[in-house]
Amino acid sequence: AVRDSYKKISALCANPATNDVQWMQLVEDTKWLSFIRLILSASWQAAFHVRYNRLPVLLHCSHGWDRTSQVCALAQIFLDPFYRTR
């Protein structure tokens with residue numbers, strides 16, 4: 001689902017004939033922003049429980065392909081002090 005959405009948003013951005021009037025609706029139809037929101041939210045929740053509740057976290061998304069690795073990687077970045085602002 002994430003890959004399909006990425007392909008749609010990429011095609012939309014690369015198409016010079018895209019109608020500016022319908023731009024927001026076309027972006028919404030790709031569901032790209034919804035997937036990004038869900039991935040960021042799950043990553044933040046995982047990092048929050050590890051950091052503040054000192055709990056181990058097991059991540060398993062429905063297919064285990066796209067989202068599992070994306071959520072894990074982002075949670076690790078959120079927890080790494082090198083990538084946080086001071």
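Guide: A patch here joins residues with over 30% relative accessible area and no salt bridge, like charges within 9 Å and nonpolar side chains (Val, Leu, Ile, Met, Phe, Trp, Tyr) within 5 Å. A salt bridge puts a Lys or Arg side-chain nitrogen within 4 Å of an Asp or Glu carboxyl oxygen. Areas are Shrake-Rupley values with a 1.4 Å probe, and for residues only the protein chains shown count as cover.
Guide: You're looking at a predicted model, where local features need pLDDT of at least 70, side-chain atom pairs count only at pLDDT 80 or more, and totals for chains, interfaces and linings use all residues. Residues are numbered from 1 along each chain as its sequence is written, and side-chain values use heavy atoms, with hydrogens and water left out.

Visitor: Which residues make the nonpolar surface patch?
Guide: The patch covers about 370 Å². One member sits in the segment after helix H4 (66–79), helices being DSSP runs of H or I, at least four residues, numbered from the N terminus.

Visitor: Is Tyr 83 buried or exposed?
Guide: Buried means under 20% relative accessible area, exposed over 50%, and partly exposed is in between (1.4 Å probe, protein chains only). Tyr 83 comes in at 53%, so it counts as exposed.

Visitor: What phi does Lys 31 have?
Guide: Lys 31 sits in the loop between helix H2 (23–30) and helix H3 (32–51), and it is exposed, at 53% relative accessible area. Most residues other than glycine have a negative phi. Lys 31 isn't a glycine, yet its phi is positive, about 65°.

Visitor: And where does Arg 54 lie?
Guide: Arg 54 is another non-glycine with a positive phi, about 55°. It is exposed, with 67% relative accessible area. Its place is the loop between H3 and H4.

Visitor: Which residues is Thr 30 in contact with, leaving aside neighbours within four places in sequence?
Guide: Thr 30 belongs to helix H2 and is buried, at 7% relative accessible area. Contact means heavy atoms within 4.5 Å. With those neighbours left out, Thr 30 touches Ser 5, Lys 8, Ile 9 and Leu 12.

Visitor: What covers the buried residues of H4?
Guide: Those buried residues are Asp 66, Thr 68, Val 71 and Ala 75. Their cover includes helix H1 (2–14) and H3.

Visitor: How much of the protein counts as buried?
Guide: The protein exposes about 6900 Å², with carbon and sulfur atoms supplying 60% of it. Of its 86 residues, the buried share is 19%.

Conventions:
Helix = DSSP H or I, 4+ residues; strand = E, 2+ residues; numbered from the N terminus.
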